[in-house]
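Thanks for asking me to look this one over. Here is my note, in numbered points.

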Amino acid sequence: HVLLNIIVVLVLVFYIKNNAKFENSCYFIINLAVVDLVGFIMLLLSILIQYSIWSDHADHSQFNPLTYSTKMRDGCQVQMGLLSFAYLNSVFATVSLTIDRYIFISRPLGYKVLMTKTKIKALIGLT
């Protein structure tokens with residue numbers, strides 16, 4: 001999954017650099033691939049947080065239930081924040097791509113007027 005997203009980004013960046021005429025959807029596809037990569041990094045961070053909490057309490061002779069439950073609660077909140085951020089960004093990137101394609105298909109003559117570079121940058125910037 002990660003390798004495929006990296007390949008998509010590289011191929012599309014190469015395509016944009018070597019092709020004077022390209023569709024704006026390339027930007028949205030690159031954005032979706034990058035957002036998915038960021039989501040994977042967030043998942044890894046979440047796993048590392050969980051591992052660090054468990055490894056701190058590997059020695060049962062010094063186990064304190066209150067400290068452990070507080071760390072678990074805080075770790076869980078951070079994990080949920082990271083994962084929610086990643087998933088919502090992925091959904092928003094997909095919706096942005098879908099809106100772009102909808103406008104391209106439903107209003108082919110007015111597409112360039114409706115989807116300016118500034119609007120595209122704003123949509124991508126929100127993710």
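The points below go through confidence, the nonpolar cores, one glutamine and the cysteines.

1. This is a predicted model, in which local features need pLDDT of at least 70, side-chain atom pairs count only at pLDDT 80 or more, and totals for chains, interfaces and linings use all residues. Residues are numbered from 1 along each chain as its sequence is written, and side-chain values use heavy atoms, with hydrogens and water left out.

2. The chain has a mean pLDDT (the predictor's confidence in each residue, from 0 to 100) of 82, with 86% of its residues at 70 or more.

3. Nine residues form the largest nonpolar core: F28, L32, V35, A93, L97, I103, Y111, M115 and I120. Helices α2 (25–56) and α3 (65–106) each give at least two residues to this core. Such a core is a set of buried Ala, Val, Leu, Ile, Met, Phe, Trp, Tyr and Cys residues joined through side-chain atoms within 4.5 Å; buried means under 20% relative accessible area, exposed over 50%, and partly exposed in between (1.4 Å probe, protein chains only). Helices are DSSP runs (H or I, at least four residues), numbered from the N terminus.

4. Q79 sits in helix α3 and is buried, at 12% relative accessible area. Leaving out residues up to four places away in sequence, Q79 touches S46, I49 and Q50 (contact: heavy atoms within 4.5 Å).

5. C26 is buried at 8% relative accessibility, while C76 is partly exposed at 38%. The whole structure has zero disulfides (pairs of cysteine sulfur atoms within 2.5 Å).
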